[in-house]
Amino acid sequence: MVKQAAGAERPGDGDGDSQRPGRRGVVRYLQDEAAPSAPRMLLGNALRHRRDAIPLTQEEVARQLGCSPSKVSRRESGHHHLKERDLPQLFAVYRIEDPEDQRVLHGLVEVANQATWWQPWATVAQQYLQAVVSFEDMAQRIRSYDCHYLHGLLQTPAYARALIERGRGSRDTHDALVELRKERQARFTAAADKLLICVVHEGALRNPVGSKEIMYEQLDHLIELSRDRRHQIRMAEWGRFDMPVELGTTTIFDFEGLAPKIAYAEAIDGGLIVQDEDLVDRREKAFDALRVRSLAPDATRHRLQHLLSSKIYG
């Protein structure tokens with residue numbers, strides 16, 4: 001089921017007042033149901049922001065398009081399939097005249113209508129996870145704070161398997177999810193323009209996963225990743241009194257001007273997807289405060305080497 005946070009806009013309501021203060025975006029808690037893919041969500045965000053800037057209500061847009069306000073709402077929340085032939089009318093109603101803006105929206109529709117590379121895993125990966133993979137795939141910069149276990153893009157296959165096997169599903173399901181995680185990592189590595197900035201709480205490294213051999217291998221892997229310019233790893237030290245850790249495990253996806261940032265927080269039974277700009281901004285500022293107080297990348301590497309040499313897992 002989808003749980004809406006208080007004051008969040010609900011897709012499909014069609015109430016036409018999404019530009020009221022406090023209704024600037026969407027907060028969704030998802031379990032087994034689908035979330036919009038990144039291209040559809042980004043396209044919807046762009047339309048909503050344009051409508052707010054004109055300004056028009058959803059009802060006014062619906063009248064000009066000759067459709068229902070609920071259809072406009074679904075489009076703006078990324079839940080409605082758009083086709084290339086729909087765009088000229090949308091450009092006219094939303095007054096999108098700049099050729100570059102039109103080109104970006106054309107590109108988003110084209111990507112949204114293509115088959116996804118993770119389709120072979122659609123039967124084993126929960127639908128909200130597939131949406132998160134789409135955010136990861138499109139984002140130019142990913143910022144993550146991890147306080148319980150390591151971000152999926154940092155995990156070794158053995159660490160990932162030990163973690164995945166704690167969850168539900170058969171051995172075949174676990175095998176498939178490990179392969180999906182490896183494919184996500186391979187695609188990130190192949191994308192030279194992507195950047196991952198991770199703040200890892202030292203407690204996440206002191207929470208053993210699998211076995212001590214797996215953890216030592218994982219430490220060694222983090223040391224190697226820390227030498228790659230696309231992985232900026234910082235450690236939030238254990239025992240610091242000035243560390244604003246109340247942010248909790250959070251990932252922020254930055255699409256470099258294509259659309260507003262999206263934040264994501266995973267839980268044991270689902271995930272929170274945050275599009276509301278004020279709430280994303282609050283999480284972004286909390287992340288920056290954590291990043292500043294954490295060890296710099298070189299100091300983090302030395303700390304990881306110390307943990308590895310000191311045999312902290314026995």
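Domain 1 and domain 2 of this predicted model bury about 1200 Å² between them, with 72% of that area on carbon and sulfur atoms. Buried area here is the accessible area, found with a 1.4 Å probe, that two parts lose on being put together, summed over both. On the domain 1 side, Ala 38, Met 41 and Leu 42 lose the most area to domain 2, together 39% of what that side buries.

Where do the two domains run? The assignment gives domain 1 as 33-113 and domain 2 as 119-310; such bounds come from an automatic or database domain assignment. Their centres, taken over C-alpha atoms, are separated by 31 Å. The contact takes 13 residues from domain 1 and 14 residues from domain 2, where contact means heavy atoms within 4.5 Å.

A word on conventions: residues are numbered from 1 along each chain as its sequence is written, and side-chain values use heavy atoms, with hydrogens and water left out. Local features need pLDDT of at least 70 and side-chain atom pairs count only at pLDDT 80 or more, while totals for chains, interfaces and linings use all residues.

Now to the pockets. A pocket is an open set of points on a 1 Å grid over the protein atoms alone, where a 1.4 Å probe fits, with protein on both sides within 12 Å along at least five of seven lines; its lining residues have an atom within 4 Å of a point. Grid points are joined across faces, edges and corners, and a volume is the space filled by probe spheres set on the points. In the table, Ala, Val, Leu, Ile, Met, Phe, Trp, Tyr, Cys and Pro count as nonpolar, Asp, Glu, Lys and Arg as charged, and the others, Gly among them, as polar.

| Pocket | Volume | Lining by class |
|---|---|---|
| Largest pocket | about 1100 Å³ | 16 nonpolar, 12 polar, 9 charged residues |
| Second largest pocket | about 470 Å³ | 11 nonpolar, 7 polar, 2 charged residues |

The largest pocket is lined by 37 residues, and Tyr 128, Tyr 149, Arg 181, Glu 266 and Ala 267 lie nearest its centre. Helix α8 (171-190) is among the elements that each supply at least two lining residues, and α8 gives the most, with 5 residues. Helices (H or I, at least four residues) and strands (E, at least two) are DSSP runs, numbered from the N terminus.

For the second largest pocket, α6 provides the largest share of the lining, 6 residues. This lining draws at least three residues from each of domain 1 and domain 2.

What does UniProt list for residues 47-102? An unreviewed entry there gives "domain: HTH cro/C1-type"; UniProt positions follow the numbering used here, feature names are shortened, and annotations may be inferred rather than shown by experiment. Over residues 47-102 the chain is 61% helix and 0% strand, and the end C-alpha atoms are 11 Å apart.

Most residues other than glycine have a negative phi, and most peptide bonds are trans. A cis peptide bond joins Ile 54 and Pro 55, with omega about -5 degrees, and Pro 55 lies in the loop between α1 and α2. Arg 95 has a positive phi, near 55 degrees, and is found in the loop between α4 and α5.
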